[in-house]
Amino acid sequence: MKDLFQASRVLLADMASTLLFLAVYVLTDNLFLAVGLGMALGVAQIGWLLVKKKPVEALQWMSLIIIMASGTATFFTSDPLFIMLKPTVIYVVVGVVMLKRGWMNRYLPPIALATVPDLGVLFGYAWAGLMFFSAALNIALALSLDVATWAAVKSVWAIGSKVGLFLIQYAIMKTTGVRRARALMAAAT
């Protein structure tokens, strides 16, 4: 259970800017305030890691660059279609970065790295697939829904799909890891 909370903490930290954006947008219906606060949180998170002299992973840097670029573009354009299609580019870029073998290692506890590193690699590709699927889905939604409906559906999908894949991954890796650890212990005795 400790490993689940640790992995959840890292995932929530990575999604914090998105979650803040969503919460502020839903509560205030103010796109610019929501984007600005999401951008500020992204910068603050990276700044905190740098001040603490902790490593900043490539996916975190890429996320910050995307947040800053897309946020800035949002301020310069007020075109709702641009704003709705913008996540498609983000999903594709994140998906491409997630194709890097082993990117998920930073999210895995030491026991998982020891017992199920192969599943970490496979689920890294599953996450990339989720990003590519989300990009295609976002295009379909942006071209067929009004802004308010798009925001609601996209938000539910964005959070629900990630939480769902996270829970599936955790369950599979945990049960497989326990089974493999027991098999190793049995072979050693």
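Author: A search of the whole structure finds two aromatic pairs. Here, rings of Phe, Tyr and Trp (for Trp, its six-membered ring) pair if their centres lie within 6.5 Å; planes under 30 degrees apart count as stacked, over 60 as edge-to-face and the rest as tilted. One of the pairs is formed by Trp103 and Tyr107, with 5.7 Å from centre to centre and 80 degrees between the planes, so the pair is edge-to-face.

This is a predicted model, in which local features need pLDDT of at least 70 and side-chain atom pairs count only at pLDDT 80 or more, while totals for chains, interfaces and linings use all residues. Residues are numbered from 1 along each chain as its sequence is written, and side-chain values use heavy atoms, leaving out hydrogens and water.

Are the two partners, Trp103 and Tyr107, buried or exposed? Trp103 has 14% relative accessibility and Tyr107 has a relative accessible area of 15%, so both count as buried (under 20% relative accessible area; exposed is over 50%, and partly exposed is in between, with a 1.4 Å probe and protein chains only). Tyr107 has another neighbour to look at: Arg106 lies over its face, 4.5 Å from the ring centre. For a charge to sit over a ring, NZ of Lys or CZ of Arg must be within 6 Å of the ring centre and within 35 degrees of the ring normal.

Now let us move on to helix α2, residues 31-51. Helices (H or I, at least four residues) and strands (E, at least two) are DSSP runs, numbered from the N terminus. The end C-alpha atoms of α2 are 30 Å apart, which agrees with the 30 Å that its 21 residues should span at 1.5 Å a residue; the expected span is 1.5 Å times one less than the number of residues. Its buried residues are Leu31, Ala34, Val35, Gly38, Met39, Gly42, Ile46 and Leu49. They cover an arc of only 135 degrees around the axis, so they lie on the same side of α2; the arc is that of the directions from the helix axis to the C-beta atoms. Trp48 and Val51, on the other side of α2, are exposed. Just after the helix, Lys53 takes a positive phi of about 55 degrees.

One last stop is Thr176, in helix α7 (residues 147-188). Thr176 is buried at 10% relative accessible area. Leaving aside residues up to four places away in sequence, Thr176 touches Val116 and Leu119, where contact means heavy atoms within 4.5 Å.
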